[in-house]
Amino acid sequence: EMASRIQAMRVKLVEVLKELGSTHDWSHVTEQIGMFAFTGMSSDMCDELTSKYSIFLTKDGRISLAGLNDGNIEYVAKAVHAVTDGKSITA
């Protein structure tokens, strides 16, 4: 159950990012497995997510997907889009 819920959150996060207009290829997020996702965001992007949006993740862009749910995924996606729009990420 938990594994399928986390995979569904991966898919939903990428879907919402695309709906918001993200032009990044986020397929690496949906192709990964486990409770964490390597996002490809820089340490500066991670710092901005933490300071502006209170989203905590490691400086190498690894985020816990276990904390995502239908109630917060849009907020997280909007924040990720805000800090990555127009900037490069590593896949």
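The model is predicted, so local features are taken only at pLDDT of at least 70 and side-chain atom pairs only at pLDDT 80 or more, while totals for chains, interfaces and linings use all residues. Residues are numbered from 1 along each chain as its sequence is written, and side-chain values use heavy atoms, with hydrogens and water left out.

**Helix α1 against helix α4**

- Helix α1 (residues 2-19) and helix α4 (residues 73-84) have axes that come within 9 Å and cross at roughly 50 degrees, the axes being lines fitted to C-alpha atoms over the stretch in contact, with angles from 0 to 180 degrees between N-to-C directions.
- The two helices are therefore oblique to each other, a term for angles that are not under 35 degrees (roughly parallel), over 145 (roughly antiparallel) or 65 to 115 (roughly perpendicular).
- On the α1 side the contact (heavy atoms within 4.5 Å) is made by Met 9, Lys 12, Leu 13, Val 16 and Leu 17, and on the α4 side by Ile 73, Glu 74, Val 76, Ala 77, Val 80 and His 81.
- By class, this contact has eight nonpolar, one polar and two charged residues, where Ala, Val, Leu, Ile, Met, Phe, Trp, Tyr, Cys and Pro count as nonpolar, Asp, Glu, Lys and Arg as charged, and the others, Gly among them, as polar.

**Helix α3 against helix α4**

- The axes of α3 and α4 are 10 Å apart and the helices pack at an angle of about 130 degrees, which makes α3 oblique to α4.
- Met 45, Glu 48, Leu 49 and Tyr 53 of α3 meet Tyr 75, Ala 79, Val 80, Ala 82, Val 83 and Thr 84 of α4, a contact with eight nonpolar, one polar and one charged residues.

**The aromatic pair**

- Tyr 53 and Tyr 75 form an edge-to-face pair, 6.3 Å centre to centre with 70 degrees between the planes; rings of Phe, Tyr and Trp (its six-membered ring) pair if their centres lie within 6.5 Å, and planes under 30 degrees apart count as stacked, over 60 as edge-to-face and the rest as tilted.
- Because Tyr 53 lies in helix α3 (residues 43-53) and Tyr 75 in helix α4, the pair ties together parts that are 22 residues apart in sequence.
- Tyr 53, at 22% relative accessibility, counts as partly exposed, and Tyr 75, at 43%, also counts as partly exposed, given that buried means under 20%, exposed over 50% and partly exposed in between (1.4 Å probe, protein chains only).

**Ser 54**

- Ser 54 lies in the loop between α3 and β2 (62-64) and, at 52% relative accessibility, counts as exposed.
- Its phi is near 55 degrees, a positive value in a residue other than glycine, whereas most residues other than glycine have a negative phi.

Note on methods: Helix = DSSP H or I, 4+ residues; strand = E, 2+ residues; numbered from the N terminus.
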